[in-house]
Amino acid sequence: MTMTSERDWPLYEVFIRSRQGLSHVHAGSLHAADARMAIENARDVYTRRGEGTSIWVVRSDLITASAPEDKGEMFDPADNKVYRHPTFYDIPDDVECL
Amino acid sequence: MPEAIDEDPGRRSRFDAHVAAEGKVEPQDWMPADYRKTLVRQISQHAHSEIIGMQPEGNWITRAPSLRRKCILIAKVQDEAGHGLYLYSAAETLGTSRQQMEADLLAGKAKYSSIFNYPTLTWADVGAIGWLVDGAAITNQIPLCRCSYGPYARAMVRVCKEESFHQRQGFELMMALSKGTPVQRRMAQDALNRWWWPSVAMFGPSDKDSVHGAQSAAWRIKRFSNDELRQRFIDMTVKQAQALGLTIPDPDLKFNKETGHWEIGAIDWDEFWRVVKGDGPCNRQRMAHRRKAHEDGAWVRAAALAHAAKARARAEKKVA
């Protein structure tokens, strides 16, 4: 059998906008020979029940992601800036519209 | 994935604590090599089951008794293909390639659910599969929506939403037959007789004989034991059979008033293992069909790549 020597179709990540007014959200991935076919396949795989009004596809190997081991230095600095949240501020209860 | 470089016990225990506290795991996170291996095995087996599972029902598409039933069956079989693809894509996030998984299936190294090694002899079998096999699958799959591995859990959410139609259309089909002519009723009962025990066995070996159970439970991959899920399915299905006016083919079936559960007779585990090991009624046929489909499609896959390369070259020439 020759299947492992066969060239695999590249992997695409699929993003779907479920309706106008919402952002595209990652739905999953699939293999396709090119971007056009990725969109056609994504239509059949991820929107069989009206889940989408628009599809984005991008080759998985073109995505740059933050590294999980950098999670601390990337995101921890935001943890100690409580003053960025509205609940940080003491306002008398009887003052409205704040 | 280069996993062996880091199996230090500190990392391992932090991971175990994270999943035990219902923390989720995403593809780029560190995970123990055997967690990864367990998931690849389980998710790819699950994907293979969806793909092989298209065959028994696909067998009836051209012979569906009405256009309505034909549309439903085509949509259902297409869903199974979709479920296979969601699951392959979830497994690929663990660093295994689609080609490797396909190769393992075609070489007979990877398993798929044994239930699909039984034949669909009459139209009623299409109803019995939807009602019983998909009913059992849903019972198994709903807890998997909360599995610790994010991509698997998300795939299962989609699958479960869609399986609900599969089960309902099967029950409706059985209902139509059981309210039909005496011949149709007999057909429905015959299908239940043949699919009941294999469906009950779908949950896998009894807890006392199950090898993967404890670790999978600790890792929050499996939430309930095989026997717990089986009992849930039995309780649900016995009542549905009553609604259909059909008889569960088990003379030992009885309701235990104290526990509130239906108790079944002995499962024929010899038959179960015989089919798992390759000697079911259709194992060879299913694999031969899958291999042929894969080989017949080789030129299409190659042609699509060649076409894509040509289109790209043409586009680049235009820009230059």
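Reader: What makes a residue pair across the interface of chain A and chain B count as a polar contact, and how many pairs are there?

Author: This is a predicted model, so both residues had to reach pLDDT 80 or more. A pair needs N or O atoms within 3.5 Å, one able to donate a hydrogen and the other to accept it. The rule finds 10 such residue pairs between chain A and chain B.

Reader: Which parts of chain A supply the side that touches chain B?

Author: β2 (24-31) and α1 (35-46) each supply at least two residues. α1(A) gives the most, with four. By type, that side of chain A splits into 11 nonpolar, three polar and eight charged residues.

Reader: Why is the pair Glu162(B) and Arg48(A) called a salt bridge?

Author: Their side chains meet at 2.8 Å, N to O, and the cut-off is 4 Å, so the pair qualifies. The count between the two chains is five salt bridges.

Reader: How much area do chain A and chain B bury between them?

Author: About 2200 Å², with 53% of it on carbon and sulfur atoms. The contact takes 22 residues from chain A and 26 from chain B.

Reader: How do you know that chain A is more spread out than a compact globule?

Author: Along the sequence, chain A runs β-β-α-β-α. Its radius of gyration is 22 Å, whereas the globule rule gives 13 Å for 98 residues; the value is well over that, so chain A is more spread out than a compact globule. Its C-alpha atoms fill a box of roughly 75 × 35 × 20 Å along the principal axes.

How values were computed: Residues are numbered from 1 along each chain as its sequence is written. Chains are lettered from A and ligands numbered from 1 in the order in which they are written. This is a predicted model: local features need pLDDT of at least 70, side-chain atom pairs count only at pLDDT 80 or more; totals for chains, interfaces and linings use all residues. Side-chain values use heavy atoms; hydrogens and water are left out. Contact means heavy atoms within 4.5 Å. Buried area is the accessible area (1.4 Å probe) that two parts lose on being put together, summed over both. A polar contact is a pair of N or O atoms within 3.5 Å; within protein, one must be able to donate a hydrogen and the other to accept it, and residues adjacent in sequence count only if both atoms are side-chain atoms. Ala, Val, Leu, Ile, Met, Phe, Trp, Tyr, Cys and Pro count as nonpolar, Asp, Glu, Lys and Arg as charged, and the others, Gly among them, as polar. The radius of gyration is taken over C-alpha atoms; the globule rule is 2.2 Å times the number of residues to the power 0.38.
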